[in-house]
Amino acid sequence: MLFDAGNLIDIFFNEGEEVIRYSIFQSNHFCKVKQLLSLFKRVALLKSKQTGILAESIIFRYFCCPMKIISDIELEDGRAPKVVTIGFFDGVHAGHRFLIRTLQDIAREKAIPTAIVTFDEHPRKILCADYCPQLIMSKDEKIKELSGLGVDYCYFLHFTPELASLSAKEFIQKILKQKIGASVLLVGYDHRFGKDRKEGFDAYVQYGKEVGMEVLRLPPFSESGENPSSSFIRKKILSGEMDVVASILTHPYSLTGMVVDGFKIGRDMGFPTANLRLVEENKILPPDGVYAVKVLVSGISYGGMLYIGKRPTLNNGDDRSIEVNIFDFNEDIYNTQITIQFLKRTRGDIRFKDVASLRKQLEKDKKEVIRVLESFKG
């Protein structure tokens, strides 16, 4: 919710002959919320409450400067008060977005910035040496999503055994208050933190009072009767329900990989494919099968048909392939990084009696994938 130094932002509202024009100059620090709220009220008085809300939405969504990312709290002066929440935020799904919207509502009322406290590694990975996390998002993807939501500060704490040993009281008072400057802590409805996650919301409220911190609890959130969570989304990815996943995430699940050389068997069958080597080894791989996907190549989106599996018809052994047939595309992209966005799984992996049968099925698959892509356009 910041403006770059020296930027001049003009927002026009055309309603009949009247145009309301705003020119906002901003310093190089976080958004002067009181000043902006005053502007919003003026808009509401001049036009209507609805127009004021629209002005607020446009300003905060389209004219915000980058979220400040902090990896070393020892180098930060955390005395400036903030509204803070804490979590791992894997997926930045609909539930997380509800939490962040509530955080921003509180911040606007109190005229102070927002801050998210998260971790550079999954906490369980540090606590259990042999644990290999299956993630919905990489750290870079998480930063991109959080930045787009208008968060002011994002603290990536380095999760260590020492940090894990802190009680909830120590974490609230020594980290959130002293290091980060939390004056308000918003806790997820069923979220717990601190050593062994022993204590709950009532204890957090008491520990906050001792250092002048208000502790609030997020109300329950559900969407279409479901209570979205990262663990729920992981299960849906592993079962191949990618359309459900996209709905909960509010965007398609994605994987990024480098295009590498393959056996070129798909080309011989009339379905040339780009073979991928994933760049994020900890991200969840959906189950074997055929998928309708969007493919991002150098920032341009193409429709595509993706296959994950061991190519049983071709006796590929135990090696799992990830390859995509990009529609209406004929460029050399070897050693290029591309991103796959999963829309829907159209079938599972099948062993066919011969290559001719496989080719015939691929023709049917392509028609179904095109149908899915057309439905997503609508």
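Begin by selecting strand S4 (residues 82-86) and strand S5 (residues 114-119), which run parallel and are joined by four bridges; helices (H or I, at least four residues) and strands (E, at least two) are DSSP runs, numbered from the N terminus. Within this pair, show valine 84, which stands opposite alanine 115 in S5.

Before going on, note that this is a predicted model, in which local features need pLDDT of at least 70 and side-chain atom pairs count only at pLDDT 80 or more, while totals for chains, interfaces and linings use all residues. Residues are numbered from 1 along each chain as its sequence is written, and side-chain values use heavy atoms, with hydrogens and water left out.

**The sheet**

Now widen the selection to the open sheet of six strands, whose order is S3-S6-S5-S4-S7-S8, with parallel pairing; two strands pair if DSSP finds at least two bridges between them. Strand S3 (68-70) and S8 stand at the edges with a single partner strand each, so one side of each is left without a neighbour in the sheet. If you look along the sheet, its neighbouring strands are turned by 25° against each other on average, direction ignored.

Next select helix H7 (residues 168-177), which packs on the sheet and touches S4, S5, strand S6 (153-157) and strand S7 (182-187), its direction making about 125° with that of S7. A contact here means heavy atoms within 4.5 Å, and axes are lines fitted to C-alpha atoms, for helices over the stretch in contact, with angles running from 0 to 180 degrees between N-to-C directions.

**Salt bridges**

A search of the whole structure finds twelve salt bridges, each being a side-chain nitrogen of Lys or Arg within 4 Å of a carboxyl oxygen of Asp or Glu. Show the side chains of glutamate 145 and arginine 97, which meet in one of them (2.7 Å, N to O). Glutamate 145 lies in helix H5 (residues 139-148) and arginine 97 in helix H3 (residues 94-110), so the pair ties together parts that are 48 residues apart in sequence. Arginine 97 is buried, with a relative accessible area of 14%, whereas glutamate 145 is partly exposed at 22%; buried means under 20% relative accessible area, exposed over 50%, and partly exposed in between (1.4 Å probe, protein chains only).

Move to glutamate 214 and lysine 110, whose side chains meet in a salt bridge (3.4 Å, N to O). Glutamate 214 lies in strand S8 and lysine 110 in helix H3, so this pair ties together parts that are 104 residues apart in sequence. Glutamate 214 counts as partly exposed, at 35% relative accessibility, and lysine 110 is partly exposed, with a relative accessible area of 38%.

**Colouring by confidence**

Finally, colour the protein by pLDDT, the predictor's confidence in each residue, from 0 to 100. The protein averages a pLDDT of 82, and 81% of the residues score at least 70. Confidence is highest in strand S8 (residues 214-217), at a mean of 98, and lowest in strand S2 (residues 18-24), at 31. Over residues 1-35 the pLDDT is below 50, although this stretch has 83 contacts in the model beyond near neighbours in sequence. Select residues 40-64 as well, where pLDDT stays under 50. Where pLDDT is low, the predicted coordinates should not be read in detail.
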